Amino acid sequence: MTGWRAALRVARREARRARGRSALVIAMIALPVAAMAFTSVTYDTFTLRPGEEADRLMGAGQAAMRWPQEDPLYQDPAELSYLSAPRAAAAVPETVPTLSRLLALLPPGSRAISDHPGRLTVHTATGIGVVATRALDYADPLARGILRPVAGRPPAAADEVALTPAATARLGTRLGGTVRPADGSRTLRVVGLVEDPTDIRATAIVVRPGGPPADPRAVTWLVATPGPLTWPDVKRLNTRGVVAVSRHVLAHPPGVDERYPEFRQEAGVSETGLLMLIAGLAALEIVLLAGPAFAVSARRRSRDLALVAAVGGTPAQVRRIVLADGVVLGAVAAGAGVLLGVAVAAGVRPGLEEHLTHVRSGPLRVFPLALAVLAGLAVVTGVLAALVPAWISARQDVVAALAGRRGITRSRRRWVVLGTALGAVGVAVAAVGAWRVDAPLVLAGLVLAELGLVLCTPAIVGLVTRLGRFLPLAPRIALRDTSRNRTAAAPAISAVIAAVIPTLAVGMVLTASDARARADYRPLGRVGDVFVSAADPGQKTRPGGSFATPPEVSSALRSTLPVARIHQIGEATCATQECLVVARTPPERRCPYANLGRGRDPTAAEQRAARRDARCDGVGNRYDYFGGALSSDVGMTLVLDPEAVGALVDIPAEEATRVATAMRAGAVVVDDPRLLDNGRATMEVRADPSGEVIRTVTAPGIAFAQPPRAPLALLSPDTARSLGLSGSTLVTLATTNRVPTVAEQDRLRAALGNGYDVVVERRPQPDRASLLVLAIVAGVITLGAAAIATGLAAADGRADLAMLAAVGASPWVRRALSLSQAGLIAGLGSVLGAIAGLGAATAVLAADNRNLDDVWPVPTPYPIAVPWLNVTIALLVVPVVAMLGAGLLTRSRLPIERRP
């Protein structure tokens with residue numbers, strides 16, 4: 001202990017003497033510590049506790065319930081999501097859910113209030129629009145916590161409403177103002193402003209409950225019971241078709257064996273093991289970021305350490321002195337990093353709520369135990385980061401160090417071999433983990449691969465420096481100096497690698513998730529298409545009539561929107577009765593696992609069999625039609641003029657011409673060749689809504705060369721008439737030159753009046769805010785690591801800069817040398833980090849895709865989507881900024897350093 005006391009005193013004295021270098025070392029360690037402290041505090045703050053989740057879902061009640069069906073169902077314990085149970089032999093008669101029926105299923109003394117959604121067409125700031133409504137008496141104590149009052153009071157009468165902040169902007173009104181429904185029946189007075197903490201961007205009108213809901217199956221009941229509602233109680237309600245989330249169940253979730261098998265989480269991923277691997281990966285990042293700091297510090301103190309050895313100091317004492325630097329500086333950096341991370345998390349929390357998560361977090365939670373563990377981890381990793389420099393310093397040539405000669409000028413082959421082997425093993429382990437869908441194994445492989453890359457970095461530096469002969473003076477000196485002093489340069493480059501890898505990996509996963517969401521959205525029209533439908537769909541065209549757009553619709557479209565062309569689209573139906581016309585698949589080509597009956601979902605074995613059955617390709621997916629959803633098992637038969645095919649279906653112009661020609665010749669166009677039998681298509685005419693087949697008709701048929709995004713069959717008006725069918729007016733389609741704005745859509749509704757509905761195809765927008773924030777954070781972290789690492793390298797090369805000044809080098813040469821050093825460290829580290837980060841994300845996405853291999857209907861896999869914004873910042877912006885900063889901050893005149 002006496003030896004450590006002296007070493008710590010030496011380390012503290014050295015830290016005071018070299019304040020600049022010590023500050024850089026502290027910053028290098030504190031940077032990742034602050035990032036992890038910020039992440040842990042933010043995650044803990046935004047992760048709601050069971051009681052907080054219950055407050056936002058059920059207010060002060062004991063449960064939130066819905067009654068979606070009469071037949072039994074299975075549900076997730078923590079969500080109002082369910083799967084229908086296999087239907088019993090005797091069907092349960094359908095009835096309307098009511099409050100009295102629900103209370104009859106609950107313990108005596110229970111009370112419930114309703115919370116149900118709706119829609120209301122109102123005058124907006126720019127025209128007329130449809131706004132979501134929420135019928136909830138949030139003044140009732142049972143609803144406390146669901147909505148957050150901002151101003152005013154809750155509605156107390158039928159003509160009073162409360163608005164969300166987004167609704168006030170959309171409607172152009174405020175507290176004390178009015179809301180005018182489009183039908184002009186009444187005027188609603190705004191008496192309150194409220195916020196939905198689960199979606200602070202929600203545009204909604206909160207009204208007082210009154211009258212029957214439009215869809216009783218969509219009502220959420222907030223229930224207060226005399227005692228807790230346990231999981232067995234919830235399962236009893238499930239047998240009656242009621243799905244419930246209980247406050248007691250949220251606080252005391254059932255075990256895996258107690259859950260429904262359909263909602264059991266897959267075993268095999270140990271949460272503890274996963275957290276340990278993530279902690280290990282974080283510790284590795286700190287070591288890589290702090291390593292160059294101690295390497296340069298030891299390099300600058302090589303003469304002092306050599307003097308200790310020269311006067312009789314043992315290698316153990318030399319190692320102890322360097323390790324004491326890790327203890328002292330690591331402790332200071334740990335405290336500074338934790339305080340900085342907590343302060344930033346508290347300061348940016350409102351901004352994260354408003355612009356990133358769009359939900360209100362819980363109260364700021366600082367987990368003292370977690371932060372203490374993080375601080376201890378920082379000190380330990382600081383010592384680990386000083387371990388290699390301590391080992392090198394203890395083995396250095398004392399004479400060479402006293403003479404001021406350079407260290408190693410080439411990489412030892414054994415380290416290159418070891419690094420290559422570790423990298424290969426890491427890639428293999430990550431690949432095995434992806435194949436077995438084992439997340440800890442994937443992370444273990446990534447750790448090994450990253451360590452291998454770090455060990456190979458000196459050799460990579462040596463290869464890059466061979467390009468120096470083709471470069472000007474300053475870059476050539478920078479490359480030569482980097483090659484001759486790899487003990488400082490390689491750790492600095494590794495620090496940048498460590499900062500780039502996680503940010504690009506996370507960015508790639510987010511980009512892939514957004515791309516998958518866009519691919520999952522399968523609409524019929526293109527982005528910007530406008531669909532206008534009559535509010536009363538009972539109007540029909542005559543069998544021989546043309547599909548002419550009503551003049552008032554055409555005029556309103558052209559006066560309010562950037563319209564290119566207008567077409568009328570109809571739905572095939574019967575002239576004398578309500579019916580549904582669908583294309584029939586030949587029996588031998590039908591998927592045996594589709595339409596298994598109400599409440600009958602395919603088993604795991606049936607899903608695997610369906611994946612291998614070619615007849616089931618594309619079956620079971622959901623598609624979007626004019627703002628609504630439709631299953632591929634049903635499809636839709638549309639009647640339209642052949643000239644409108646290219647506008648309705650996103651296909652090449654040559655394909656549209658071929659299809660239009662076939663339609664003029666009387667052919668039925670289907671989306672799948674499996675629907676054709678010897679060149680003919682069979683159409684089933686079914687009674688609506690019973691679904692009973694009335695008759696079948698056949699006609700010549702062709703299939704799209706490339707299936708459209710949504711399943712459909714197309715008929716011309718003449719072909720429909722020849723088959724004894726008619727065309728019921730469905731929608732007017734307007735193609736546009738750009739996506740109309742919400743204000744233009746509201747003006748169109750105002751011009752059309754109350755007799756029409758308007759849908760604009762906008763598609764889901766990617767969450768660019770998350771990527772932008774991640775790119776900025778990644779850029780700041782990477783730039784900070786590059787700047788600190790460059791500053792340490794510049795401090796290590798201060799003698800070279802002074803020598804250049806002594807021999808007459810101009811200030812520009814000295815600045816160019818610093819600029820070149822910064823560019824080499826930041827550029828090479830960013831390139832290697834980008835390769836490793838994108839490779840790591842690819843392995844993770846491959847593991848997720850592998851997990852979907854047995855699922856049917858076939859889900860959309862995660863694509864390998866590169867986050868080009870993040871890559872551009874990492875590969876171009878950060879190195880350029882680092883170079884400019886180094887060039888601007890390099891002093892023009894340097895004092896001549898003392899030479900040994």
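Let's start on the surface. Val831, Ile835, Leu875, Leu876, Val877 and Val881 make up a nonpolar patch there, and their accessible area together is about 490 Å². This is a predicted model, where local features need pLDDT of at least 70 and side-chain atom pairs pLDDT 80 or more, while totals for chains, interfaces and linings use all residues. Residues are numbered from 1 along each chain as its sequence is written, and side-chain values use heavy atoms, with hydrogens and water left out.

Some terms. A patch takes residues with over 30% relative accessible area and no salt bridge; like charges are joined within 9 Å, and nonpolar side chains (Val, Leu, Ile, Met, Phe, Trp, Tyr) within 5 Å. Areas come from the Shrake-Rupley method with a 1.4 Å probe, and for residues only the protein chains shown count as cover.

Which helices build the patch? α25 (811-850) and α26 (868-889) each supply at least two of its residues. α26 gives the most, with four. Helices here are DSSP runs (H or I, at least four residues), strands are runs of E (at least two), and both are numbered from the N terminus. Take Val881, in helix α26. Val881 counts as partly exposed because its relative accessibility is 37%. The scale: buried is under 20%, exposed is over 50%, partly exposed is in between (1.4 Å probe, protein chains only).

Now go inside. The largest nonpolar core has 26 residues, and Leu638, Leu640, Leu648, Phe704, Leu712 and Leu714 touch the most other members. β18 (637-640), α19 (645-648), α20 (653-664) and β24 (726-736) each supply at least two residues of this core. α20 gives the most, with four. A nonpolar core means buried Ala, Val, Leu, Ile, Met, Phe, Trp, Tyr and Cys residues joined through side-chain atoms within 4.5 Å.

Next, charges. Side chains of opposite charge can pair when their charged atoms come close. How many salt bridges does the structure hold? There are 26. The cut-off is a side-chain nitrogen of Lys or Arg within 4 Å of a carboxyl oxygen of Asp or Glu.

One of them joins Asp140 and Arg111, at 3.0 Å from N to O. This pair links distant parts of the chain: Asp140 sits in the loop between β5 (128-135) and β6 (148-152), Arg111 in strand β4 (residues 111-123), 29 residues apart. Arg111 is partly exposed at 37%.

Another bridge pairs Arg208 with Asp137, at 3.5 Å. Arg208 lies in the loop between β10 (204-207) and β11 (220-224), and Asp137 in the loop between β5 and β6, so the pair ties together parts 71 residues apart in sequence. Asp137 is buried at 19%, and Arg208 is partly exposed at 36%.

Then there is Arg526 with Asp650, closest N and O atoms 3.3 Å apart. Here the partners are 124 residues apart: Arg526 in the loop between α16 (486-520) and β13 (530-534), Asp650 in the loop between α19 and α20.

Last stop: Arg365. This residue is in the loop between α10 (315-357) and α11 (368-394). Arg365 is buried, because its relative accessible area is 14%. What does Arg365 touch? Leaving out residues up to four places away in sequence, the list is Val41, Asp44, Thr45, Thr47, Leu48, Arg49 and Glu52. Contact means heavy atoms within 4.5 Å. The Arg365 side chain also reaches the backbone oxygen of Thr47 at 3.0 Å.

Key. Polar contact = N/O pair within 3.5 Å; in protein donor to acceptor, adjacent residues only side chain to side chain.
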